[in-house]
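Grab a pencil and work through the exercises below. Try each task yourself before you read its solution.

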Amino acid sequence: MTNSPPRSLITRLGMPPTLAWGYLGLLLFMIGDGVESGYLSPYLIDRHLSESRVALLFTVYGIAAGIAAWLSGVLSDLWGPRRVMWTGLAVWAVFQLLFLTAAIPLSSYPLMMLGYGLRGLGYPLFAYGFLVWIAGVAPRARLGTAMGWFWFAFTGGLPTLGSLVASGLIPQIGAYGTLWAALALVVAGGLVALLLVRDDHGGKRPRGAGEGPVATLVGSVTILWRNPRVGVGSLVRVINTASQFGFFVIMPIHFTRTVGFSLTQWLHLLSAMFATNIFANLLFGVAGDRLGWRRTIAWFGGAGCTVSTLLLFYVPHLAGANFPLALLVAAFYGATLAGYVPLSALVPTLEPKHRGQALAALNLGAGASTFVGPAVVAVFVGPLGVEGVVWIFAGMYAVSCLLAHFLKLPDESDTAVAATAEAAAGTASAPA
């Protein structure tokens with residue numbers, strides 16, 4: 001009898017061992033990307049930009065992110081995830097330099113649109129390229145957990161540790177200098193992931209793709225109606241983080257100028273919100289593998305976010321600048337956002353012959369949320385106010401709870417039919 005070699009700690013945790021450095025690099029990259037998330041909106045308003053212009057700037061950024069998120073899946077099929085991640089790193093660095101060296105010093109809104117707007121192409125190419133890489137390496141039985149680790153690193157940076165870094169650096173080097181520190185963190189994280197990960201899946205096109213560039217590009221869109229469940233999954237993904245990106249625009253202003261918190265307190269609330277989220281990402285990744293991906297998305301994600309979104313507004317609105325109470329509802333909101341983590345495992349499994357296209361559709365939804373959220377704010381905050389916007393987001397989450405019930409895996413019905421047939425056969429052959 002031979003003993004099998006012990007599994008490494010990384011394997012036991014559900015993380016593909018060949019991608020461990022990639023998870024660390026992603027964390028550092030997203031810390032840099034998340035540094036600005038808690039203060040860029042009020043910083044630009046203090047530089048005499050109107051709230052509507054800031055919301056429009058964030059919307060353009062989100063549109064670029066949505067396009068890049070979709071392209072990350074398509075290009076990963078064509079180039080391989082590693083090359084897509086290199087492209088994302090280069091785009092982020094180049095346009096951040098334009099934003100810092102020209103747009104802000106000149107207070108030029110067109111240059112801000114160009115520099116900051118097009119920088120939105122960068123992080124989805126890097127992060128979601130790595131997501132495709134994980135989908136090609138992780139076994140299905142642990143795919144939810146592997147995706148949980150992805151979102152642990154992603155939200156660990158944006159905005160959790162990013163906001164914490166900002167709260168520490170702004171008093172020392174100022175808001176502008178902190179944006180330069182963000183660039184350094186992004187470059188460091190990108191190089192860690194791209195130079196230290198040696199897994200072969202990142203450097204070549206996935207096997208069996210067998211389609212040309214045009215067919216792959218078109219297929220990543222047509223899959224939304226060729227397989228309606230993939231389309232529904234993409235829509236649920238839009239809803240997942242739409243409120244998060246919308247709140248980045250209005251909540252710093254609402255919490256500091258209406259509720260009465262200081263900017264530092266708001267940044268600490270934001271850090272607590274997503275510190276809870278990063279651990280909940282792991283929890284719901286594991287829960288999805290054990291309780292069912294669809295059930296986890298519907299109840300912990302959809303129903304949970306419907307309640308937590310309303311509490312995030314109404315508890316501080318009624319209690320005022322009560323930091324402990326605000327901390328509790330912020331943590332609850334952050335935890336429920338993680339209920340959607342199993343989507344990253346479920347959607348590519350809905351289309352096993354075209355996983356890259358399915359992930360492109362899912363990433364399109366993820367990227368779309370970055371402009372849908374700010375767009376909802378830009379359109380409705382004027383006539384409805386912050387309270388009205390919050391109710392819109394809560395309603396979207398309630399809809400996602402219903403939609404999640406349609407995300408049935410192909411083999412779930414097959415398994416049910418087989419089980420019924422087996423039971424019937426057993427009954428027929430049983431002795432009288």
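Helices here are DSSP runs (H or I, at least four residues), numbered from the N terminus. The model is predicted, so local features need pLDDT of at least 70 and side-chain atom pairs pLDDT 80 or more, while totals for chains, interfaces and linings use all residues. Residues are numbered from 1 along each chain as its sequence is written, and side-chain values use heavy atoms, leaving out hydrogens and water.

**Exercise 1. Find where α4 bends, and say what follows the helix.**

Step 1: The bend at a residue is the angle between axes fitted to the seven residues ending there and the seven starting there.
Step 2: At S72, α4 bends by about 30 degrees.
Step 3: After α4 comes G80, and its phi is positive, near 100 degrees.

**Exercise 2. Describe the largest cavity: its volume and its lining.**

Step 1: Rolling a probe the size of a water molecule over the atoms shows where empty space is left. On a 1 Å grid over the protein atoms alone, a cavity is a set of points where a 1.4 Å probe fits but cannot get out; a pocket is an open set with protein on both sides within 12 Å along at least five of seven lines; lining residues have an atom within 4 Å of a point. Points are joined across faces, edges and corners, and a volume is the space filled by probe spheres set on them.
Step 2: The whole structure holds four cavities of 30 Å³ or more, and the largest has a volume of about 190 Å³.
Step 3: It has 20 lining residues, with W151, T155, R237, N240 and T241 closest to the centre.
Step 4: α10 gives the most to this lining of the largest cavity, five residues.
Step 5: Sort the lining of the largest cavity and you get 11 nonpolar, eight polar and one charged. (Ala, Val, Leu, Ile, Met, Phe, Trp, Tyr, Cys and Pro count as nonpolar, Asp, Glu, Lys and Arg as charged, and the others, Gly among them, as polar.)

Methods
Helices (H or I, at least four residues) and strands (E, at least two) are DSSP runs, numbered from the N terminus.
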